[in-house]
Amino acid sequence: MPFPLLSEPTRYAGDRGSPFAGDGPLRVLLDLPADLRQLEAGPWEGPIAPTPEHLLWSLCQGSTDIELTWLADPGETGAGAVHFQEPHLPSDHWPFRIERNGGETLGAVSMYRQLVRAADDDPLRALDSYAKAALSRDLRAHVTVTKDLDLLNLTGFYARNINPMTAVDALAVVGLYLRKDDPFLGAWAPKGGLNLDHHLTAWVAVRSQLPSGWRWGSALVDHSTATDDDYATLLFGSFFERLVRMLNHRDDIHRAADNQTGLDATEALDTFMFNVVGAFDAAAIAAHMGAGRQFADRRRAGWQSKDWRKELGVQHLYEMFQKNKPADDLFAVCRLLRNTVHGAGLSSMVVSSMSSRKTLVRLPHAEAAEIVDRLDHLAPVHTWGIDELHRGHLYIDPSRLVEGLMPHIFSTLDEVLAHTPLEGLTGTGVVREDIPVDGFFDISTRTRTCLLTGLNPPSD
């Protein structure tokens, strides 16, 4: 479930920067039926996965930093409710009113006749879908949440500067926004019994992406217990901590909005790659230990080493990282980008157009061709946001890059953990095979943390 990439709403004179950089509220427009606009009645934890729309509605209602509007059914009332009025043909407007605490505001979608013509020229879409798109543009909503497939797939003029998405995608955006200055996620769900801060949220989400990590990590901890040596436990913690930091720096990349945060995004991408490679290295050392190899030789462990993989004695892991296999391409891209800290480093620029503004990172010239070629092996090259802007230099959208890499990172690491030999570890026999069903790792909490961090929710 990649993090949705957002178009910037139309900017007015005097507008501040992005809400993700701390400038102004996040504007959310909800187009959902009344039964999905319900506050959650119970705590966060439990054996039942939450309904994404109910979670989203609860978070938006509970945060004073979110400016929520919602399309009301006839007869519905409440703060933020939007009511379309009858079109006013003399002024060529379609008026609407928005209920506010203590009053209401009036507005209107302009160029009503043009809106009708657009719908007439597109028989596959209803006028209502165009009206909702025009309303989103008028309200300058950062996020428009809908189940309307016509609106979700809208193209052309009325699709510009709006971000129609499902509730699942919107939760990732809202989670990114709320994480900027709210230290405890429990504040968003006052009926919850758990106290989840940023770090623990990311920790639970990461562990939810790596089901093979339970047996793997438990065996390492058990080895430390049996040998009275905490190295294996520290290795286990370092592996997951690297991935938690990866998620945190992914947040920084998505918050890039202007030149200053563009520089921040470049630094975050550097550190993102550093932690990804660190997680792969920790997994390699664990495999070295689990195969019973000499502890003093653990620094030789590395997935890029064909000789070391052969010595490991696990055919699946040997073949996984063979040249031009997906795992080899993924690991090579991350290493090449990580290694820029030893050379000229990464640089960024902000590219603006009539409809958007985005931060791009320049790929190191010496490695650019190999990076692009290997990315093309993982997914079609046009999906990575690569541009050749001038003088033959290649630039890449860091947001699209990290979102494209994330599924490969988690699936590859989980495959590595699943096939890591553990026979060489000393144990007491206390090894957990399955994910816990209670506490921070029950299905409800795991689902929420994954949704709020833009990761695939668990299926069990």
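Me: How many aromatic pairs does the structure hold?
Reply: The structure holds 19 aromatic pairs. Keep in mind that this is a predicted model.
Me: Let's take Phe84 and Trp94. What kind of aromatic pair do they form?
Reply: A tilted one: the centres are 5.0 Å apart, with 50° between the planes. Phe84 belongs to strand 3 (residues 81–84) and Trp94 to strand 4 (residues 93–100), so the pair ties together parts that are 10 residues apart in sequence.
Me: And Trp94, buried or exposed?
Reply: Trp94 is buried, with a relative accessible area of 10%. Phe84 has 28%, so that residue is partly exposed.
Me: What about Tyr130 and Tyr158, how do their planes sit?
Reply: Their planes are at 85° and the ring centres 5.8 Å apart, so the pair is edge-to-face. The two residues come from distant parts of the chain, 28 residues apart. Tyr130 is in helix 3 (residues 127–139), while Tyr158 is in the loop between helix 4 (149–152) and strand 7 (164–165).
Me: Why does Tyr158 count as buried?
Reply: Because its relative accessibility is 7%, and the cut-off for buried is under 20%. Tyr130 is buried as well, with 6%.
Me: Which residues do ring pairs link into a cluster?
Reply: Trp203, Trp216, Phe236, Phe239 and Phe240.
Me: OK, charges on rings. Where does the charged end of Arg207 sit?
Reply: Over the ring of Trp214, 3.8 Å from the ring centre. Arg309 has its charged end over the ring of Tyr318, at 5.3 Å from the centre.
Me: Switching to helices. Which helix does Thr449 lie in?
Reply: Helix 15, which covers residues 443–452. Thr449 is buried, with a relative accessible area of 0%.
Me: What is Thr449 in contact with, leaving aside its neighbours within four places in sequence?
Reply: Leu196, Thr201, Val204 and Ala205. Among these, Thr201, Val204 and Ala205 are in helix 6.
Me: At what angle do the axes of helix 6 and helix 15 cross?
Reply: At roughly 100°, and the axes come within 8 Å. That angle makes helix 6 roughly perpendicular to helix 15, because 65 to 115 degrees is the range for that label.
Me: Which residues meet there?
Reply: From helix 6 you have Thr201, Val204, Ala205, Ser208 and Gln209, and from helix 15 Thr445, Arg446, Thr449 and Cys450. By class, the contact has 3 nonpolar, 5 polar and 1 charged residues.
Me: Last one, zooming out. How many helices and strands are in the chain?
Reply: There are 15 helices and 11 strands. The chain has 460 residues, and buried residues make up 50% of them. Of the contacts in the chain with a separation of 6 or more, 63% are between residues 24 or more positions apart.

Key: Residues numbered from 1 in each chain as written. Predicted model: local features only at pLDDT ≥ 70, side-chain atom pairs only at ≥ 80, totals over all residues. Heavy atoms only, no water. Helix = DSSP H or I, 4+ residues; strand = E, 2+ residues; numbered from the N terminus. Buried < 20%, exposed > 50% of the residue type's maximum accessible area, 1.4 Å probe, protein only. Contact = heavy atoms within 4.5 Å. Axes fitted to C-alpha atoms, helices over the stretch in contact; angles between N-to-C directions. Parallel < 35°, antiparallel > 145°, perpendicular 65-115°, else oblique. Nonpolar A, V, L, I, M, F, W, Y, C, P; charged D, E, K, R; others polar. Phe/Tyr/Trp six-rings, centres within 6.5 Å; stacked < 30°, edge-to-face > 60°. Lys NZ or Arg CZ within 6 Å of the ring centre and 35° of its normal.
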